[in-house]
Amino acid sequence: MRPNLLILGGTTEGRSLCHAVAEAGLSGIVSLAGRVERPASQALPMRMGGFGGAEGLERYLRDNGITHVIDATHPFAAQMSCNAIAACERIGVPLIALTRAPWSAEPGDRWTHVPDIAGAVAALDCSPKHVMLAVGRMHLHDFTANPQHAYLLRLVDPPKEPLGFPDAQVIVDRGPFTLEGDRALMVEHRIDLVVSKNAGGTGAQAKILAARELGLPVLMIDRPTIPERAEAHSVANVMRWLGHVSTDLGV
């Protein structure tokens, strides 16, 4: 049976996979959550928005004759990943996750680990600081519980309504970012503390490297737990899983 793929995208790795799938002449569609107004271009047809939970995803897979699902979502998109596992198990559609390794602390890093967003909010119940809050748009409101800080927010899209922070500066930009750029940004805004999800990969790592160079503490939000599933750590390995061998991908 000729593969008909559903790629759950939204990451740099997912975008690279779409390119490889298109180059191989395989049929597929990439699904994006729709949280970004200006999504990066993709090499495959796109759909936007959720499926309606695991049951809605199951219906989508059946109705569209999907033969394989690749979960290339953000490491913190735990609900989507869990829905994909449940839906694929119910109807026997093969699933693999294209994952990236989490960042690990190295000499010079000053990390404090917290288990989730709520833990990060609790940790910011402290004296006023200049905080680079790099957690994405969805969870910003949680941090308004600590209005004493001066926040630096970097967002893909400009906010449409007030964010609820008495003191916040917004920078609209899209990665990948550079060490030099993020170091200069932290110096310019007199950052005392960086709050970051442990996203892994290279596209957003510059802030972690810059904090290390500047000796700044990082409040690191650990990844959520996701049930066991098949995983691949490169586009080449996903293509091999699909039965496609390409010397261009180093397979």
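1. A word on the rule before the count: rings of Phe, Tyr and Trp (its six-membered ring) pair if their centres lie within 6.5 Å, with planes under 30 degrees apart called stacked, over 60 edge-to-face and the rest tilted. The model is a predicted one, and by this rule two aromatic pairs are found in it.

2. Tyr-151 belongs to strand β8 (residues 150-155), while Phe-165 is in the loop between β8 and β9 (168-172), so the pair ties together parts 14 residues apart in sequence. Here too, Tyr-151 and Phe-165 are buried.

3. Do look at Arg-47 alongside the rings in point 2. Arg-47 lies over the face of Phe-51, 3.9 Å from the ring centre. The charged end of Arg-47 also sits over the ring of Tyr-60, at 5.2 Å from its centre.

4. Lastly, confidence. The protein chain has a mean pLDDT of 92, and 96% of its residues reach 70 or more. Over residues 247-251, however, the pLDDT is below 50. Beyond near neighbours in sequence, that stretch has eight contacts in the model.

Key
Residues numbered from 1 in each chain as written. Predicted model: local features only at pLDDT ≥ 70, side-chain atom pairs only at ≥ 80, totals over all residues. Heavy atoms only, no water. Helix = DSSP H or I, 4+ residues; strand = E, 2+ residues; numbered from the N terminus. Buried < 20%, exposed > 50% of the residue type's maximum accessible area, 1.4 Å probe, protein only. Lys NZ or Arg CZ within 6 Å of the ring centre and 35° of its normal. pLDDT = per-residue confidence, 0-100. Contact = heavy atoms within 4.5 Å.
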